[in-house]
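Good morning, colleagues. Please have the sequence and the model in view while I speak.

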Amino acid sequence: MKRWAACIVVWAFLLGLSGCENGNRVAGKRYTFEEGAGGVFTISLYEDGTFSYYEGGLSSYRGSGSWSVKKDVLTLTNGDDTLINRFSVDGENLIFIAENSSNFHYVTLENGAVFQGAPLSPGESRPEALA
C-alpha cells in the first residue's frame, strides 16, 4: 500500500511540474497578431501570472488580468472575470480557440488566429498602471 501511495505522490509531483513547464514556455513573452484594430494586436504575458493586451492603434483600451496554462491551453481572464479567452500553445505561437472564448473588445478574432511569440525586452515588466 505504501508503494501505491508513493507512486501517486510522485505522479502528482511530475504532473505539477509539467504544468509549470507549460507556463514557463509562455511567460515573459509578447505575442503579436498583425490584424489588430488599426495595427498590431499584442498580448504580453508576465512572469508573475498577469498579462496585458493592446488591440491596435485605433483603440486606446489596454486590457489586463491573469493567465494560466493547463494541458497546452492558455487561458486569459481579465481583472473582473467578464472576458475569458483561450489559446492553444503551439511552440512559439498562440492559436486562438473561439469555442468557449469571450473574444475581445474591438477585435473579433476568428478561430485559429495565430499570435507569434517573442521574448519581452530585458527588464520589461508589467506597466505600473496595470498593477
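I shall go through the sheet, the nonpolar core and the aromatic side chains.

First, the conventions. This is a predicted model, in which local features need pLDDT of at least 70 and side-chain atom pairs count only at pLDDT 80 or more, while totals for chains, interfaces and linings use all residues. Residues are numbered from 1 along each chain as its sequence is written, and side-chain values use heavy atoms, with hydrogens and water left out.

Strands here are DSSP runs of E, at least two residues long, numbered from the N terminus, and two strands pair if DSSP finds at least two bridges between them. Strand β7, residues 93–97, and strand β8, residues 114–119, pair in the antiparallel sense over 3 bridges. L94 has F115 as its bridge partner in β8.

I turn to the core. A nonpolar core is a set of buried Ala, Val, Leu, Ile, Met, Phe, Trp, Tyr and Cys residues joined through side-chain atoms within 4.5 Å, where buried means under 20% relative accessible area with a 1.4 Å probe, protein chains only. The largest such core has 24 residues, and those with the most contacts inside it are I43, L45, W67, L74, F87 and F115. Strand β2 gives the most to this core, with 3 residues. Contact means heavy atoms within 4.5 Å; leaving aside neighbours within four places in sequence, the residues in contact with I43 include Y31, F51, L76, F87, F104 and F115.

Which residues form the aromatic cluster? They are F33, F41, F51, Y53, Y61, F87, F96, F104 and F115. Rings of Phe, Tyr and Trp (its six-membered ring) pair if their centres lie within 6.5 Å, with planes under 30 degrees apart counted as stacked, over 60 as edge-to-face and the rest as tilted. By this rule there are 10 aromatic pairs. F41 and Y53 are stacked, at 6.1 Å centre to centre and 20° between the planes. F41 is buried at 0% relative accessible area, and Y53 is buried at 3%. F41 and F104 are edge-to-face, at 5.0 Å and 80°. F41 lies in β2 and F104 in the loop between β7 and β8, so this pair ties together parts 63 residues apart in sequence.

Key
Helices (H or I, at least four residues) and strands (E, at least two) are DSSP runs, numbered from the N terminus. Buried means under 20% relative accessible area, exposed over 50%, partly exposed in between (1.4 Å probe, protein chains only).
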